Amino acid sequence: MDAGGEVHAIFTDYCKAFDRIDHSLLLQKLLSAGIHGNLFRWFSSYIENRTQAVAVNGYCSKWCTVPSGVPQGSLLGPLLFNIFINDISCCFLHSSFLLYADDMKIYKQIQNTNDCQKLQDDLRRFEQYCNLNKLDLNISKCHSICFSRKCNVTHYLYTLKGTRLQNLTEVRDLGVIHDSKLTYELHVDSVVKRANRTLGFIMRSCSQFQSVKVAKVLYCSYVRSILEFCSQIWNPQYNIYIDRLECVQRKFMRYLQYKSKTYIDNYIERCSRHHILPLQDRRKIADIVFLLKVAQCKIDSPHLLSLINLRAPSRTLRRPITLSVPHSISNYRQNSFFIRAANVFNLMAGDSDIDLFNSSINSVKRNLFKDWFDVHS
């Protein structure tokens with residue numbers, strides 16, 4: 001997208017994915033995964049010969065056998081499902097895919113209609129895979145989207161199970177709304193609306209409370225968590241979005257002033273007085289914390305780890321710079337996570353003495369919070 005290209009992505013959905021896993025097929029895949037002997041017999045006894053009944057008001061139905069599905073609510077449920085679909089990569093010869101349990105995205109960079117046809121061929125192999133493994137696709141929830149900032153994009157109607165997939169301009173994935181241009185304007189709108197509704201409910205509910213601490217705890221738990229969820233993905237670059245998010249906290253700070261009977265005009269001073277960081281600064285700290293988790297393998301992702309570029313200067317610098325920041329030709333890429341986080345890390349690491357690979361993440365968070373309050377106290 002930074003180079004003006006486009007990516008077509010297919011979002012898929014299964015019908016009751018965890019309930020439709022065939023037990024015989026699952027046991028075969030456990031064997032092919034190298035699970036043998038007593039461990040395999042333990043898994044076999046855990047999966048097979050399950051029965052269930054329904055109990056209502058003291059009455060119980062007849063017991064019936066459960067021939068498919070993995071036990072839900074257990075740690076082994078998602079693990080067994082991941083083992084079951086671990087061979088799904090054989091479907092995608094021309095495209096890439098991302099998996100999170102039963103949520104899968106298939107995507108490919110598109111330059112012409114031939115690339116679209118290759119993606120369609122992979123979808124056809126994926127459909128055959130689902131048929132062989134008795135996985136039922138929910139076509140009504142499968143759709144395609146084109147990520148691009150081009151004026152004229154390649155239009156192609158993708159199909160699954162003989163049905164044309166709906167082409168969307170926005171899609172919600174794991175709680176984040178991705179629009180076709182990846183501006184995340186729609187996500188910011190949604191977050192601000194939800195946070196304002198929740199804040200209004202809290203302010204009405206706390207009208208009789210005298211404790212300011214109770215209001216702060218409720219705000220941080222139910223409102224600020226909405227405003228910060230997955231901010232590493234959608235952290236806004238432009239002031240119009242930054243201000244819209246900050247307005248929610250400004251409203252709460254005015255409410256705190258009323259509750260505590262203190263009147264301070266400046267927003268930053270109000271935040272310092274009540275020991276609450278501005279949201280923009282909290283997002284910067286969240287970027288650094290996520291970067292540290294990747295570098296220290298707290299997040300097990302070799303791909304993300306490979307995107308961290310260490311700087312090796314040819315001469316000693318007065319202010320050492322730890323991370324190399326690649327050149328970007330657009331504001332869009334300039335705000336991508338690893339460029340944005342590298343800039344923030346280089347700016348703040350020297351002052352706070354942060355070691356990328358050895359510093360304790362909790363101590364880094366405490367020190368960054370403390371530094372902010374020391375500066376603005």
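Valine 294 is buried, with a relative accessible area of 1%, where buried denotes under 20% relative accessible area, exposed over 50% and partly exposed the range in between (1.4 Å probe, protein chains only). This residue belongs to helix α11 (residues 279-295), helices (H or I, at least four residues) and strands (E, at least two) being DSSP runs numbered from the N terminus. Between the C-alpha atoms of valine 294 and glutamate 269, which stand 25 residues apart along the chain, the separation is 34 Å. The model is a predicted one, in which local features need pLDDT of at least 70 and side-chain atom pairs count only at pLDDT 80 or more, whereas totals for chains, interfaces and linings use all residues. Residues are numbered from 1 along each chain as its sequence is written, and side-chain values use heavy atoms, with hydrogens and water left out.

For "domain: Reverse transcriptase", UniProt lists residues 1-165 in an unreviewed entry; the positions are given in the numbering used here, feature names are shortened, and annotations may be inferred rather than shown by experiment. Over residues 1-165, the chain is 30% helix and 24% strand, with the end C-alpha atoms 23 Å apart.

Side chains of opposite charge can pair when their charged atoms come close. The structure holds 12 salt bridges, each defined as a side-chain nitrogen of Lys or Arg within 4 Å of a carboxyl oxygen of Asp or Glu. One of these joins the side chains of arginine 20 and aspartate 136 (3.5 Å, N to O). The pair links distant parts of the chain, 116 residues apart, with arginine 20 in the loop between β1 (6-12) and α1 (23-32) and aspartate 136 in the loop between α4 (113-132) and β8 (143-148). Arginine 20 is partly exposed, at a relative accessible area of 34%, and aspartate 136 is likewise partly exposed, at 29%.

A further salt bridge is formed by lysine 29 and aspartate 87, whose closest N and O atoms are 3.3 Å apart. Because lysine 29 lies in helix α1 and aspartate 87 in the loop between α3 (76-84) and β6 (96-100), the pair ties together parts that are 58 residues apart in sequence. Lysine 29 is buried, with a relative accessible area of 11%, whereas aspartate 87 is partly exposed, with 35%.

The side chains of aspartate 189 and arginine 244 also meet in a salt bridge (2.1 Å, N to O). Aspartate 189 lies in helix α5 and arginine 244 in helix α9 (residues 239-260), so this pair ties together parts that are 55 residues apart in sequence. At 17% relative accessibility aspartate 189 counts as buried, while arginine 244, at 31%, counts as partly exposed.

A positive surface patch is formed by Arg172, Lys193, Arg194 and Arg197. Helix α5 (residues 185-205) contributes the largest share of this patch, three residues, and arginine 172 is found in strand β12 (residues 170-173).

Two backbone features were also identified in loops. Leucine 174, although not a glycine, has a positive phi of about 55°; this leucine lies in the loop between β12 and β13 (176-179) and is partly exposed, with a relative accessible area of 43%. Lysine 261, also not a glycine, has a positive phi of about 60°, is found in the loop between α9 and α10 (267-273), and is exposed, with a relative accessible area of 65%.

Key: Patch = residues over 30% accessible without salt bridge, like charges linked within 9 Å, V, L, I, M, F, W, Y side chains within 5 Å. Areas by Shrake-Rupley, 256 points an atom, 1.4 Å probe, with all protein chains shown as cover. Lys, Arg positive; Asp, Glu negative; His and termini not counted. Charge placed at Lys NZ, Arg CZ, Asp CG, Glu CD.
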